[in-house]
Amino acid sequence: MSDEEVEIKEKVRALLKGIGSKRENLIPILQKIQEELGYLPPDAMLEVARFLNIPEIDVYSVATFYNQFRLTPPGKHSIRVCMGTACHVKGGHITLAAWQRRLKIGVGETSPDREFDLDTVACVGCCAMAPVTVVDKKVQAKADPTRVDGILLSYQLQKEQEEKEKN
Amino acid sequence: MKFEEIKKQAQSRWRKIWNDQTPVILVGTATCGRAAGALEVLQAIKDTVKKQNLNCHIYEVGCMGHCYAEPLVILRKPGFPSICYGHVNPVLAENLINHFILNDDPCLEFVLGALEENDLIPSFFDFPRSKYEKRILLKNCGHINPEEIEHYIANGGYESLSKALQMKPEEIVSEVKRSKLRGLGGAGFPAGEKWDVCRHSEGEPKYLICNGDEGDPGAFMDRAILESDPHSVLEGMVIAGYAIGARHGYIYVRAEYPLAVQRVQNAIHQAEEYKFLGENILGSNFNFDIKLFQGSGAFVCGEATALIASIEGKPGMPRHRPPRVAVQGLFGKPTVLNNVKTLAYVPHIIKNGADWFLQTGTEKSKGTAVFALAGKVVNTGLVEVPMGTTLRQLIFQVGGGITKGKRFKAVQIGGPSGGCLPESALDLPIDFDSLQESGAMMGSGGMVVLDEDDCMVEVARYFLDFTQKESCGKCTLCRLGTKQMLDILEDITKGRGKMEDLETLQELAEDIKAGSLCGLGRTAPNPVLTTLQYFREEYEVHIKEGRCPALMCQTLIAYYILPEKCARGCDACVGTCTVEAISTDKKRRIKVIDQEKCVKCNTCVAACPPQYDAVIKLSPPDRVPRFKITSSGAENNVSKSS
């Protein structure tokens with residue numbers, strides 16, 4: 001077992017403390033793990049199956065059924081483009097294309113430098129502000145392609161600033 | 001402490017806030033407000049107040065319904081009416097405090113409206129929408145701090161619970177039955193009847209579930225209520241739980257609504273502290289607890305049996321009914337599942353009686369309905385109107401009409417289960433039955449207005465894309481049929497459609513409706529059926545001419561800069577183009593779009609100053625003149641009304 005695997009297992013065990021081992025806790029447990037680790041690593045799912053005493057396939061089927069769960073590590077910043085109706089008629093798909101073009105990755109992927117991951121979300125209920133993109137939990141209103149460039153630029157500047165401070 | 005004492009204390013504190021000589025500042029920080037920058041405004045207000053060493057009450061409130069003008073701030077200063085300001089930014093917020101709170105200048109140019117009628121400024125009552133609005137469920141939204149239980153109590157909250165606990169459970173059920181309250185989640189099933197069946201079903205413990213899995217894209221009513229007035233939903237749940245004899249309650253909220261999750265969780269803790277939840281509620285021998293469950297992003301979980309499966313820790317797949325959920329639901333026990341708004345109505349009905357409720361609405365649909373107005377409408381936001389209000393009144397009077405002076409084309413109502421209704425249907429009264437007859441459905445209340453720039457085929461394709469991805473895969477017709485329909489629609493929007501495709505779509509739609517177990521499959525074809533019924537010619541133009549009349553389908557359009565309109569010295573489009581596809585033709589001093597590079601992102605249209613308005617869209621794309629071969633004469637053939 002690699003160090004990483006050991007670490008994941010330990011983290012999961014710590015998270016499971018105080019939670020009942022009933023099947024109905026499966027989704028809340030997976031949500032908790034994802035909150036902590038950013039995704040659901042295979043070892044974490046195995047650990048959960050053991051803890052709840054259910055077949056491993058049951059954990060996997062739940063993890064893959066729901067849109068919320070991801071099985072690969074996220075980037076440092078998460079980009080969620082809203083695909084709701086109001087966003088769509090105001091050009092949500094154009095915004096998504098702009099993110100894909102700028103980050104050079106597809107939906108569900110992470111950029112090679114691990115800075116960003118890109119995904120869609122069905123609707124965040126900010127329809128009056130359409131089109132929106134959720135960047136690191138903050139809803140960005142009226143996110144058209146120009147705004148996409150602006151958001152990316154602000155992250156780039158922030159990164160440069162951080163590096164300057166480091167040196 | 002007895003309820004009367006709690007209430008007295010809360011009311012005296014509430015009165016103190018408002019009757020005090022201290023100014024009150026309310027900032028709307030629901031998700032919509034936050035998206036527009038409400039938290040930055042709040043911070044600016046706090047900083048300014050500190051800097052000026054002022055004594056002010058500052059509260060966060062929920063959604064005021066005027067989403068088009070977010071961020072919203074309400075200032076209340078003794079001697080003035082309460083004034084609501086729209087489009088506030090941190091600089092304006094600072095100025096408002098310096099000018100209005102410190103000096104007596106209310107900055108009239110930034111006022112949206114006053115909350116009370118007065119001689120100084122127009123109030124919200126003077127807005128055309130106030131004639132149609134009737135706020136019952138939204139009464140507290142935007143006025144109280146959703147994180148303070150005392151604000152809710154001071155405004156009459158938990159009074160109904162206290163009254164209900166003095167009644168017999170069957171009295172409550174019969175009162176709700178008599179009120180004809182119907183499920184506001186969309187299906188419109190009579191709530192009282194559900195309760196009655198559950199109450200008389202065998203099995204312990206019984207469960208009550210509040211369905212806040214508002215998955216319809218384009219809907220945000222439940223989110224706004226949960227974020228702005230969570231206690232009203234909790235109170236309704238406790239009363240319903242008492243009426244049906246439930247011991248446990250679940251409130252199912254989408255994980256995509258993090259703020260709603262946080263505020264509901266906070267509300268549950270407060271309600272427990274005040275003994276509105278837990279054991280021996282308000283000194284009675286009724287025990288009831290509420291757990292928050294976060295939905296993990298599956299549209300199908302809006303369906304009762306799928307939602308129950310997901311609480312049980314399984315993939316959210318629906319099951320056959322009967323047995324009905326009220327007989328055999330969560331963990332196999334009798335369960336009632338109601339929408340957020342249905343439950344939020346319960347305290348009002350208990351407090352005012354069924355007869356009061358029966359006064360509003362139409363013959364078969366009573367009460368009010370909450371709508372989320374979005375899309376190409378001027379006043380986007382949240383509105384509550386009596387059932388029976390027409391679509392025209394809602395869109396043109398309350399919503400203020402279509403943006404940018406464009407022409408109304410259709411209204412999409414009911415989300416992926418609903419349909420697109422044209423101009424001719426605008427005088428339909430909004431209630432459960434009329435909308436169903438027209439091919440759409442009320443759904444939970446999402447309403448997206450579409451104008452002449454929206455392609456109906458593309459909108460139908462969009463919804464099929466959604467339902468196809470969200471189909472759980474249990475029923476073959478839903479799983480494969482929606483995929484086939486989507487493929488056909490994609491072909492049509494890309495100019496590869498055939499006339500016989502339209503017949504195939506119609507047949508597939510009927511088959512999917514007949515062969516699916518749950519509401520998702522049974523209603524998935526609705527957007528296609530309604531657009532085929534009302535906008536068939538648009539489909540035909542796509543197929544026969546390879547042209548998109550609304551200029552929306554990306555494959556079928558191209559962008560073009562009209563040489564005669566382009567201001568030669570202006571460079572607005574060149575700088576904003578996200579892919580550097582626009583350059584200046586040196587010889588003729590005009591801007592040219594490189595069609596190979598263009599990604600059709602619409603940025604140049606937005607960037608071109610309105611006085612030039614030189615960028616247009618053409619369909620089919622081969623109508624764009626080629627520069628090297630055409631003379632200026634050919635360019636003149638290009639008209640804007642393609």
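Let's start at one residue: B:C301 sits in the loop between strand 8 (289-295) and helix 12 (304-311) of chain B. Helices (H or I, at least four residues) and strands (E, at least two) are DSSP runs here, numbered from the N terminus. Is B:C301 buried or exposed? B:C301 is buried, with a relative accessible area of 1%; buried means under 20%, exposed over 50% and partly exposed in between (1.4 Å probe, protein chains only). Beyond its neighbours within four places in sequence, B:C301 is in contact with A:Y66, B:D213, B:Y252, B:A306, B:L307, B:S310 and B:G316, where contact means heavy atoms within 4.5 Å.

A word on the ground rules. This is a predicted model, in which local features need pLDDT of at least 70 and side-chain atom pairs count only at pLDDT 80 or more, while totals for chains, interfaces and linings use all residues. Residues are numbered from 1 along each chain as its sequence is written, chains are lettered from A and ligands numbered from 1 in the order in which they are written, and side-chain values use heavy atoms, with hydrogens and water left out.

How confident is the predictor? The model scores ipTM 0.92 and pTM 0.93.

| Part of chain B | Mean pLDDT |
|---|---|
| Chain B | 92 |
| Helix 10 (residues 230-244), highest | 98 |
| Helix 25 (residues 632-636), lowest | 40 |

In chain B, 97% of residues reach 70 or more. Over residues 628-642 of chain B, though, pLDDT stays under 50.

Now for where the chains meet. The contact takes 39 residues from chain A and 59 residues from chain B. Together the two chains bury about 3,700 Å², 61% of it on carbon and sulfur atoms; buried area is the accessible area (1.4 Å probe) that two parts lose on being put together, summed over both. A:F65, A:T85 and A:V89 supply 16% of the area that chain A buries against chain B, more than any other three residues.

How many salt bridges are there between chain A and chain B? The count is zero, a salt bridge being a side-chain nitrogen of Lys or Arg within 4 Å of a carboxyl oxygen of Asp or Glu. By class, the side of chain A that touches chain B has 22 nonpolar, 10 polar and seven charged residues. Ala, Val, Leu, Ile, Met, Phe, Trp, Tyr, Cys and Pro count as nonpolar, Asp, Glu, Lys and Arg as charged, and the others, Gly among them, as polar.

Definitions and conventions:
pLDDT = per-residue confidence, 0-100.
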